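Dear colleague,

Please find below the structure that I am passing on to you.

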Amino acid sequence: MQFSAQQRADITELVDRYVHESPEYRLPEPGPAKSKGKSSSPKARDITWYVVIDEIIELRVTAEAWPWPQVDPDTRFLSFDLSKTKRFTVDGPDLHRVVSEKRKGADDPEVTERSLRIGDVFEVRAERIQDPSTWKSVQDHTEKKRKEAQAAMHAMATPPHLEGIDKLEDLGRQLSGGDRAAVDVTPTQAFPAV
Amino acid sequence: MIVAIPRAPLSRFAKSDFWASVKPEHLIYFCLNVGDADSQVLLLPEGDFGEKDAAGQPVLRRPVMVVDAGTGTKVTKFLDKLPLTSGGTIAPVDLIDVVVASHPHGDHIAGMPDLLEKFAGRIAEYWDPGYFHPSGTYFTVMELLAQQSGTVYVQPTSGLRRFIGNTEVTVLTPSVGLRNRYDTYGVDVNNASISLRVATPAGRAKIVPNEAWQLLEGVDDRVQFSLILGADAHTESWSQAMVDFPQLVKSNSEIAKAIGAATNNRDFLSADVLKVSHHGSKKGVNYELVDRIQPKFLLVSCSANSSHGFPHSLNQHILREAKEKLAKAGATHNPDEDHLRGVFYTSQKDTGDVTLGSFAVVGSNHGDIEMWRLGDTPAQQPDFSKARRWVAS
């Protein structure tokens with residue numbers, strides 16, 4: 001679907017004016033902050049980590065971890081604190097045992113018992129993430145995060161598609177034929193000029 | 001397993017002025033010492049790309065390619081410092097013509113966020129294999145690319161040829177068949193690697209006075225300087241490359257002539273330099289591949305204390321046997337003679353216990369290929385005042 005710069009500006013205005021107030025058109029909002037990666041308990045020093053399996057060479061597994069990411073409210077990309085990147089290589093069977101024992105939220109044996117794979121993503125609460133024997137809980141987010149990675153690539157490579165935008169098109173045209181002076185035509189990241 | 005990285009003889013290195021040896025027609029390849037990771041920079045031969053100075057005179061420049069940025073800031077700082085470290089031989093890098101993220105493993109893209117931030121708006125093309133990897137670095141790279149203005153994003157597969165001045169860049173892997181299977185979760189991300197053949201000069205036409213352009217006769221790969229940058233591709237990926245780029249024996253048959261005309265009579269799986277795949281893992285190369293490439297130099301980017309045990313002894317045996325065929329006779333290779341076979345490692349030391357570090361390989365169509373070592377550890381920048389040239393004999 002192609003829009004002129006004027007139509008995009010009109011739609012942007014509509015989004016600002018109506019969509020955020022309408023459940024029907026509500027954009028995905030940044031989720032609740034997980035205490036910026038810190039535990040809410042003042043005594044605990046656990047951090048909620050985002051752990052991805054990066055490389056598997058036979059019995060050795062390299063994982064990378066970051067404090068759990070937030071959604072950037074402006075760009076809607078997952079935002080990681082790369083200055084806190086941890087990269088560590090551990091024994092694969094040991095890591096698999098920890099993941100299997102601690103994994104929560106998945107009743108499907110296919111998920112809980114399957115081997116580790118490159119691209120697996122876990123939410124882990126731990127003080128020392130490089131030592132899986134100290135991990136306290138493990139939640140499997142693999143399927144969701146792989147889809148989000150795919151979406152991130154498409155969001156980068158192509159103009160973003162706003163859900164429900166087809167329904168807004170008519171409203172946009174009406175507005176563009178009406179009070180044009182009230183419409184800010186500055187291109188935005190979501191609706192760049194064409 | 002104890003990994004043996006043999007020491008190269010001190011006597012075979014000659015301290016010399018690296019930049020004084022570089023000529024405008026040279027392609028300069030840097031394989032930085034970044035441990036078990038890849039960071040490579042190519043300064044392509046100088047050319048006229050339509051840029052003019054204030055007086056309207058053509059400004060010649062070297063196009064720049066970056067292939068992987070495997071650590072935090074090393075490759076960005078290297079590019080930043082080039083005008084200084086080259087003593088003015090290299091102009092400030094105002095534009096990176098192509099950035100290649102061979103595949104989204106951390107040891108290949110960890111430095112991409114820094115590169116994309118420092119060179120924002122100055123990257124013409126960004127290539128990656130289109131493999132979705134849910135790592136923090138991958139998400140960050142996507143976000144930073146979304147903010148780049150004017151950068152063309154490309155997902156190349158085998159057979160793509162990109163001409164940059166008088167340099168030809170051919171994508172060897174991944175095959176489109178592999179790429180179409182990424183989403184089955186069945187393709188190892190290493191096999192998604194973009195591996196490249198870079199060759200110069202690409203020119204195959206000549207000017208004849210008062211005539212149309214004419215094809216150069218008798219030009220074959222031996223007058224090119226060529227490199228194969230193997231990324232982390234494994235056998236599954238290379239096997240498809242060997243199908244996509246078949247080895248053709250010279251023949252006078254009509255069909256052979258037709259195929260030869262279509263491929264300019266070249267073997268795309270031959271090269272002067274092979275950056276050995278996957279840091280020398282045992283899956284990174286196979287014998288048939290290395291035997292066919294027959295590179296003069298085989299460069300392994302690996303750590304001295306690899307957590308994965310790189311380079312693997314099986315890989316070392318393959319490299320050795322491909323260059324020195326002893327297996328049939330039942331003989332064994334002397335590891336200390338790797339230098340005679342052209343096999344070198346970034347983490348290698350010389351017999352005087354001095355770190356050899358990053359590679360610089362320089363070549364042109366004159367057959368004047370030189371390999372240099374820049375003496376840096378993974379934590380250091382290459383120091384050109386310590387540059388030493390490899391003396392083969």
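Between them, chain B and chain A bury about 2900 Å², 61% of it on carbon and sulfur atoms; buried area is the accessible area (1.4 Å probe) that two parts lose on being put together, summed over both. The model is predicted: local features need pLDDT of at least 70, side-chain atom pairs count only at pLDDT 80 or more, and totals for chains, interfaces and linings use all residues. Residues are numbered from 1 along each chain as its sequence is written, chains are lettered from A and ligands numbered from 1 in the order in which they are written, and side-chain values use heavy atoms, with hydrogens and water left out.

In this interface, 33 residues of chain B are in contact (heavy atoms within 4.5 Å) with 36 residues of chain A. The rule finds 1 salt bridge across it, in which the side chains of B:Lys282 and A:Glu58 meet at 2.6 Å, N to O; the term requires a side-chain nitrogen of Lys or Arg within 4 Å of a carboxyl oxygen of Asp or Glu.

On the side of chain B that touches chain A, the residues divide into 15 nonpolar, 13 polar and 5 charged. Here nonpolar covers Ala, Val, Leu, Ile, Met, Phe, Trp, Tyr, Cys and Pro, charged covers Asp, Glu, Lys and Arg, and polar covers the others, Gly among them.

As to confidence, chain A has a mean pLDDT (the predictor's confidence in each residue, from 0 to 100) of 76, and 57% of its residues reach 70 or more. Over residues 19-29 of chain A the pLDDT is below 50. Where pLDDT is low, the predicted coordinates should not be read in detail.

Yours sincerely
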